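Dear colleague,

I am passing on the structure below, followed by my notes on what was found in it. Please read the notes with the coordinates open beside them.

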Amino acid sequence: MDRIRIVGGNPLNGTIAISGAKNAALPLMIASLLTEETLTLDNVPRLADVAMLKRILGNHGVDCMVHGKRAGQNGLSGETLDLTAGAIVDTTAPYEMVSRMRASFWVIGPLIARMGQARVSLPGGCAIGTRPVDLFIEALKCLGADIDIDGGNVVARAPRGLVGNRVVFPRVTVGATHVTMMAAALARGETVIENAAREPEIVDLAQCLTKMGARIAGAGTATIHIEGVDRLGAARHSVMPDRIETGTYAMAVAMTGGDVLLEGASPAILEKPLQVLSEVGAEISATNSGIHVRRNGAGLSPVDVVTAPFPGFPTDLQAQLMALVCRAQGTSHIRETIFENRFMHVQELARLGADIHLDGQVAIVRGVSRLRGAQVMATDLRASVSLVIAGLAAEGETVVNRVYHLDRGFERIEEKLGGCGAAIERLTA
Ligand code: UD1
């Protein structure tokens with residue numbers, strides 16, 4: 001299994017090209033199941049999760065063609081994919097596939113909407129809390145699906161098609177909002193989703209579905225209206241920039257010091273994290289080409305942050321922020337409200353010399369003047385990248401083991417950071 005070796009201490013200077021968002025690319029690819037015509041997606045990041053989803057969709061009968069490189073494109077540009085679900089050959093998503101990536105459970109929405117049936121294994125994915133699927137099931141039931149759990153699978157049936165309805169989520173859920181939007185796009189009549197997730201990736205999916213012929217209003221607000229249509233058709237859509245990758249590199253620069261342009265990043269979808277970074281002591285400015293992050297030698301200030309659904313501080317940046325404030329001059333408090341058990345990076349950061357105390361869902365981080373390199377273990381996607389950030393600022397050598405988590409969500413991280421002066425390399429097993 002690959003490892004990442006970092007020798008800390010170098011500031012970051014230069015330009016990092018921000019990739020297409022993993023969390024937008026996955027639902028967009030899944031939306032291809034809704035039509036027999038071709039969905040063309042540009043700026044798709046080259047990630048292990050995307051490759052896995054290509055395989056899963058292939059199993060259902062989606063033909064996936066990758067466009068060749070165009071003039072001027074380099075290896076860092078995203079891929080263009082043609083996804084064509086001419087015929088759905090299988091409405092079953094088996095355990096071997098769904099257990100490896102939670103988002104693949106989301107195929108249940110388009111499959112039941114288009115085919116009137118789906119059998120999808122209960123998911124796995126990152127080991128962060130229990131992550132149930134009850135809200136998906138309730139939403140699909142609301143749209144008229146019959147649902148059974150059989151042998152670890154969710155079996156959904158709607159032989160006469162789905163019917164629009166009012167779906168009220170008792171808590172904000174990104175995945176079930178995506179799925180309800182996709183399913184309702186082909187249901188008869190109007191669906192209203194209340195307490196919908198407002199994440200920018202929801203807006204990106206809604207824009208793509210609209211290009212495919214769906215009638216959706218209100219995506220990006222807490223109430224989404226969807227007027228079902230009989231069929232959806234071909235469209236072309238470019239995946240939005242990855243706000244989590246952007247925030248991660250911004251925190252890396254705040255940690256090491258330096259001056260980096262995050263090219264192609266969108267400040268509008270990162271308001272809260274950028275505000276927190278400014279409080280910590282980074283200088284942030286938006287330019288035409290992206291976001292500029294600078295920090296001179298001044299010390300870092302502690303912060304108190306609570307994770308929350310968008311537009312709050314994203315849980316997907318919680319681990320990275322924790323790594324950053326490990327070296328703040330004072331005590332920070334970070335409360336995780338989205339996922340239980342999303343503090344697995346704490347014990348690994350402690351190996352680098354961090355002083356973190358957990359009190360339920362609150363991490364109390366007392367800043368230390370120095371971190372020291374060590375062997376650490378990546379436990380989930382966001383935790384692993386927090387260890388990379390900490391390693392960049394630690395004295396001496398840090399080796400991050402079990403890097404496959406990183407490859408699920410960060411495209412060529414060692415090239416991007418190495419290009420800005422970090423001493424980082426991949427050790428292949
Ligand atoms: C998505 C993101 C993930 C991010 C998360 C929260 C993708 C591919 N993943 O995950 O990176 O961390 O949003 O921003 O986009 N819940 C239930 N029952 C359900 C569904 C969810 O209780 O049926 C709970 C979850 O356990 C969690 C909370 O709701 O506590 C939010 O989860 P959700 O927004 O659904 O996260 P994902 O869509 O899985």
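Helix 8 and helix 12 are roughly parallel to each other, a label that applies to angles under 35 degrees, while over 145 counts as roughly antiparallel, 65 to 115 as roughly perpendicular and the rest as oblique. The axes of helix 8 (residues 243-256) and helix 12 (residues 381-393) come within 8 Å and cross at roughly 25°, and the crossing is right-handed. Axes here are lines fitted to C-alpha atoms, for helices over the stretch in contact, with angles running from 0 to 180 degrees between N-to-C directions; a crossing is right-handed if the near helix is turned clockwise from the far one by less than a right angle, and left-handed if anticlockwise. Helices (H or I, at least four residues) and strands (E, at least two) are DSSP runs numbered from the N terminus.

Please keep in mind that this is a predicted model, in which local features need pLDDT of at least 70 and side-chain atom pairs count only at pLDDT 80 or more, whereas totals for chains, interfaces and linings use all residues. Residues are numbered from 1 along each chain as its sequence is written, and side-chain values use heavy atoms, with hydrogens and water left out.

A second pair is formed by helix 1 (residues 22-31) and helix 7 (residues 200-211), whose axes come within 9 Å and cross at roughly 30°, which makes helix 1 roughly parallel to helix 7; this crossing, too, is right-handed.

Turning to the ligand, 19 residues surround it, the closest being Asp134, Leu135, Val174, Asp316 and Ile338, where a residue counts if one of its heavy atoms lies within 4 Å. The polar contacts (pairs of N or O atoms within 3.5 Å) include one between a ligand oxygen and an N or O atom in the side chain of Asn23, at 3.0 Å. A ligand oxygen is also 2.8 Å from an N or O atom in the side chain of Thr173, and a ligand oxygen lies 2.8 Å from a polar backbone atom of Gly175. Taken alone the ligand exposes 750 Å², of which the protein buries 91% (Shrake-Rupley areas, 1.4 Å probe). Helix 5 (134-142) and helix 6 (174-185) are the elements that give two or more residues to the shell, and helix 5 provides the largest share, three residues.

Finally, a cis peptide bond joins Phe310 and Pro311, with omega about 10°, and Pro311 lies in the loop between strand 18 (304-306) and helix 10 (318-325).

With kind regards

Key: Polar contact = N/O pair within 3.5 Å; in protein donor to acceptor, adjacent residues only side chain to side chain.
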